[in-house]
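Could you walk me through this structure in my viewer? I would like to know what to select next and what is there.

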Amino acid sequence: MTRRTRFGFGAVLAAASIALVACAPAPAGDGATQSEACVRMVTNSGGLEDRSFNQSSWEGLQQAESEYGIEAEAIVSTGETDLAPNVQQAVDSGCGLVVTVGWELAESTTDQAAKNPDLAFAIVDETVEGENIKPVVFDTAQAAFLAGYLAAGVSKTGVVATFGGGNQPPVTLFMDGFADGVAKYNEVHGATVRLLGWEKAAQDGAFTGDFEDINKGKALTEGFIDQGADVILPVAGQVGEGAAAAAVERGGISVIWVDSDGYETLAAQYRPVILTSVLKNTQDAMVQIVGEVLDDSFTNEPYVGTLENGGVEIAPYHDLAPLVSAELDAEIDGLRQQIIAGELEITSPSAP
């Protein structure tokens with residue numbers, strides 16, 4: 001059931017001295033000032049510049065800061081022991097909206113939301129229940145399907161690969177979509193492109209065990225390259241930089257990034273190997289949620305990013321556009337339209 005939780009300034013003021021309020025002049029007697037408009041974001045242990053959803057969520061709040069005149073601040077977690085204290089710090093700030101990022105913060109978010117029913121909480125990339133918690137999730141399998149089809153279409157060796165940071169739904173959702181995209185290409189073209197690193201039926205595959213150790217990503221990618229893979233999809237946050245490093249060193253290898261456009265967020269030295277990225281439009285979701293809190297329309301109904309609403313997509317091909325024929329690009333666009341129209345359903349046990 002969807003529940004609407006109202007966060008008018010007067011209600012929040014009763015619980016805290018500072019609130020997320022509209023930047024328009026306050027009614028007479030309210031006493032609110034623009035400096036009282038604020039939101040706090042707590043990162044997971046990947047940190048703020050993870051080239052993933054911590055970074056994109058923060059960019060969205062910065063956009064909301066500019067659009068609505070609010071004040072946003074990020075509280076950075078560097079390890080597991082930081083998580084609960086950082087959520088507590090966000091709550092203690094008195095801001096009317098607290099944004100947390102990733103599954104690691106699910107327990108702390110749920111706990112603090114229950115203790116602070118007059119505050120609005122949003123958690124990115126994880127689904128939790130709470131009358132005042134809005135999950136912000138993305139059906140990345142839809143966009144990853146397009147990326148898998150693309151990977152199979154550009155592969156010269158007939159072998160592509162993927163790996164994750166951990167066997168968790170937000171990770172394996174990408175891998176499921178990617179696998180189905182490769183399978184679809186094989187079906188359409190009578191091809192036999194092989195996928196290394198993931199078995200959808202078994203829901204098991206290759207994982208580094210963390211999202212920070214770049215060397216693990218490099219070693220795993222080198223193993224895939226040795227087996228013939230020439231397109232790699234790392235779903236592992238910063239660990240994915242290791243895949244890009246291996247691709248640059250080996251030559252003739254393409255990487256598909258996730259969450260943000262890797263061509264824009266990674267170091268320039270990796271641009272020549274970035275084929276595309278499976279995007280989560282976390283920025284727009286953050287702006288939308290801030291707007292909902294400001295106009296008292298915030299509810300706990302999940303925000304689910306899809307191809308249809310622009311919440312997920314694949315990035316431009318950038319420097320590697322010459323690898324993608326006009327015919328292949330047209331096929332991918334046709335599949336995109338079929339998914340949006342509901343004619344083609346991309347399924348996964350990890351789907352939001």
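This is a predicted model: local features need pLDDT of at least 70, side-chain atom pairs count only at pLDDT 80 or more; totals for chains, interfaces and linings use all residues.

Begin by selecting the 6 strands that form an open, parallel sheet, in the order S2-S1-S3-S4-S5-S13. Look to the edges for S2 (71–75) and S13 (303–305): each has a single partner strand, so one side of each is left without a neighbour in the sheet. Neighbouring strands here are turned by 15° against each other on average, with direction ignored.

Now pick S4 (residues 120–124) and S5 (residues 133–138), parallel strands joined by 4 bridges. Within this pair, Phe121 stands opposite Ile133 in S5.

**A loop residue.** Next, go to Thr43, in the loop between S1 (38–42) and H2. Is Thr43 buried or exposed? Thr43 is buried, because its relative accessible area is 0%, under the 20% cut-off. Show its contacts beyond four places in sequence and you will find Leu48, Asn54, Ile75, Val76, Ser77, Leu83, Val101 and Leu105.

**The largest pocket.** Finish at the largest pocket, with a volume of about 380 Å³. Of its 27 lining residues, select Asn44, Phe53, Trp103, Phe211 and Gly237, the closest to its centre. H2 (53–68), H6 (169–189) and S11 (254–259) each supply at least two lining residues, and the largest share, 3 residues, comes from H6. Colour the lining by class and you will see 9 nonpolar, 11 polar and 7 charged residues.

Technical notes
Residues are numbered from 1 along each chain as its sequence is written. Side-chain values use heavy atoms; hydrogens and water are left out. On a 1 Å grid over the protein atoms alone, a cavity is a set of points where a 1.4 Å probe fits but cannot get out, and a pocket is an open set with protein on both sides within 12 Å along at least five of seven lines; lining residues have an atom within 4 Å of a point. Grid points are joined across faces, edges and corners, and a volume is the space filled by probe spheres set on the points. Ala, Val, Leu, Ile, Met, Phe, Trp, Tyr, Cys and Pro count as nonpolar, Asp, Glu, Lys and Arg as charged, and the others, Gly among them, as polar. Buried means under 20% relative accessible area, exposed over 50%, partly exposed in between (1.4 Å probe, protein chains only). Contact means heavy atoms within 4.5 Å. Two strands pair if DSSP finds at least two bridges between them. Axes are lines fitted to C-alpha atoms, for helices over the stretch in contact, and angles run from 0 to 180 degrees between N-to-C directions.
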